[in-house]
Amino acid sequence: MSLSRLARFYRSLEAMFPERHLYVRTGGQMQAFVLTTQRQLALAGVVAGAALWMGIATAALLVSWVSPSEAEAEIARTQARYERLIADRQARLDALYAQVNTESGSVAELAASVENRHAALALLLTDVKGAPGAAQALAPALNKVAAARQTDPVDRVELVRLSQDQLVAAAEGYAKTRAERLKLAFRMAGLSPDSYAPPPGSLGGPLIEAKDSRALAALLDVDEAFAGRIQRAAESLTEATALTDAAQTLPLARPTATSRSSGFGFRMDPFTRRPAFHSGLDFGGALATPIAATAPGVVSFTGQRSGYGNTVEVDHGRGFKTRYAHLAAISVKPGQRVVLGQRLGAMGSTGRSTGVHLHYEVWVNGRAQNPDRYLKAGDHVRQAS
């Protein structure tokens, strides 16, 4: 029974894909090609498999676009945790407020506690002050502290205390978020953030020198929970500051304001018309367009290099070096220390060049890297500011 069904199924396939003959005439000669049912079935299977693969790949790509990134998910979890902490702190403050209304002498003790907490916050905000984006992150909590001064004395103490909790939560959230964004930028550049973050035990200042929150609470004369939050915020802020300082020493800026004209990697050589490795990025532009240093460093070479024409090389330390080639003019000399954005020369077409442009390279420990990774990391760092 099963054999007869199989035979009918095969006959139906033969009806759908009957044997076909193709005749091709070339140079007066006729060639015949036979497409058997088996060959047509194999070709149909290949086409179906390719369509299925394309559908799966498209679905996976759409899912990756729609799904939130791990960094965004971590920020959302952090925000939810802070909201829970603030709600818990509010409940404790409500209980404390009720106690203040029923017990004499508690107002003075509460006022002293608020003053001590304010002193601890002053130490933390001294480090936060001036950090990129800090003013916007802390403004709502600071405004609440200022508004509390317009209420009656008892309510003022309670409102200031609550505002202090919100302020330290805002400072902790800001510091942690900024540190995570900077770590992501380092990973985008192919660098390990741990290599640039301060090692454990190297942090200074009274807020993070204490071994634990209990020791810090005794030092600042505040409750242990508040001291722990102050300490965590200070640690995150110190880490973010160290990563920010390190990022300012890396070639993350753009060498010119013009747009990129050629990428890193294999391409068709404009002279030989054969595949060749391109070890940098090309930026098009007008003759004499200013070329700037992408990070602070020391000029290690100026002059002619084979194929590069007029060239400037800058040593940035930690094994990083940048090269700027095909210049029309050079504005620096070897041994000169340059800062971020300082003019190195002017765009030209010297050396092995088909037109006016800048050839820009990034080297790490003697190996050419893709400069585009560092430019994207630099854009991410500026977004975090």
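Tutor: A residue is buried when its relative accessible area is under 20%, exposed when it is over 50%, and partly exposed in between (1.4 Å probe, protein chains only). This is a predicted model, in which local features need pLDDT of at least 70 and side-chain atom pairs count only at pLDDT 80 or more, while totals for chains, interfaces and linings use all residues. Residues are numbered from 1 along each chain as its sequence is written, and side-chain values use heavy atoms, with hydrogens and water left out.

Student: What does Lys376 count as at 48% relative accessibility?

Tutor: Lys376 counts as partly exposed, because 48% falls in the middle class.

Student: Which residue forms a salt bridge with Lys376?

Tutor: In general, side chains of opposite charge can pair when their charged atoms come close. The rule here asks for a side-chain nitrogen of Lys or Arg within 4 Å of a carboxyl oxygen of Asp or Glu. The partner of Lys376 is Asp372, with 3.4 Å between the closest N and O atoms. Both residues lie in helix α10 (residues 371-384), and because they are four residues apart, about one helical turn separates them. Helices (H or I, at least four residues) and strands (E, at least two) are DSSP runs, numbered from the N terminus. Asp372 is buried, at 16% relative accessibility.

Student: How many salt bridges does the count come to?

Tutor: The count is nine. One of them is between the side chains of Lys183 and Glu239, at 3.0 Å from N to O. That pair links distant parts of the chain, since Lys183 is in helix α6 (residues 153-188) and Glu239 is in helix α9 (residues 224-247), 56 residues apart. Lys183 counts as buried, with 14% relative accessibility, whereas Glu239, at 21%, counts as partly exposed.

Student: Where does Glu313 meet Lys321, and at what N to O distance?

Tutor: Their side chains meet in a salt bridge, and the N to O distance is 3.8 Å. Glu313 is buried, with a relative accessible area of 2%, and Lys321 is partly exposed, with 24%.

Student: What does the whole protein chain contain in helices and strands?

Tutor: The protein chain has 10 helices and 14 strands. It has 385 residues, and 36% of them count as buried. The accessible surface comes to about 21,700 Å², of which 58% belongs to carbon and sulfur atoms. Such areas come from the Shrake-Rupley method with a 1.4 Å probe, and for residues only the protein chains shown count as cover.

Student: Which residues form a nonpolar patch on the surface?

Tutor: Leu3, Leu6 and Phe9 form it, with about 360 Å² of accessible area together. A patch takes residues with over 30% relative accessible area and no salt bridge, joining like charges within 9 Å and nonpolar side chains (Val, Leu, Ile, Met, Phe, Trp, Tyr) within 5 Å. Leu3 belongs to helix α1 (residues 2-16), and Leu3 is exposed at 68% relative accessible area.

Student: Which residue has a positive phi of about 55 degrees?

Tutor: Most residues other than glycine have a negative phi. Arg318 has a positive phi of about 55 degrees and is not a glycine. Arg318 is in the loop between β9 (309-317) and β10 (320-330) and is exposed, at 54% relative accessible area. His326 also has a positive phi, of about 65 degrees, without being a glycine. His326 is in strand β10, and at 5% relative accessibility His326 counts as buried.

Student: With which residues is Gln369 in contact, leaving aside its neighbours within four places in sequence?

Tutor: Contact means heavy atoms within 4.5 Å. Gln369 is in contact with Phe264, Ser279, Val362, Val364 and Tyr374 once those neighbours are left aside. Gln369 sits in strand β14 (residues 367-369) and is buried, with a relative accessible area of 19%. A polar atom of the Gln369 side chain lies 3.4 Å from the backbone oxygen of Arg367.

Student: How many residues apart in sequence are Met347 and Pro290?

Tutor: They are 57 residues apart in sequence, and 6.4 Å apart in space, C-alpha to C-alpha. Met347 is in strand β12 (residues 343-347) and is buried, at 0% relative accessible area. For the protein chain, among contacts between residues at least 6 apart in sequence, 65% join residues at least 24 apart.

Note on methods: Polar contact = N/O pair within 3.5 Å; in protein donor to acceptor, adjacent residues only side chain to side chain.
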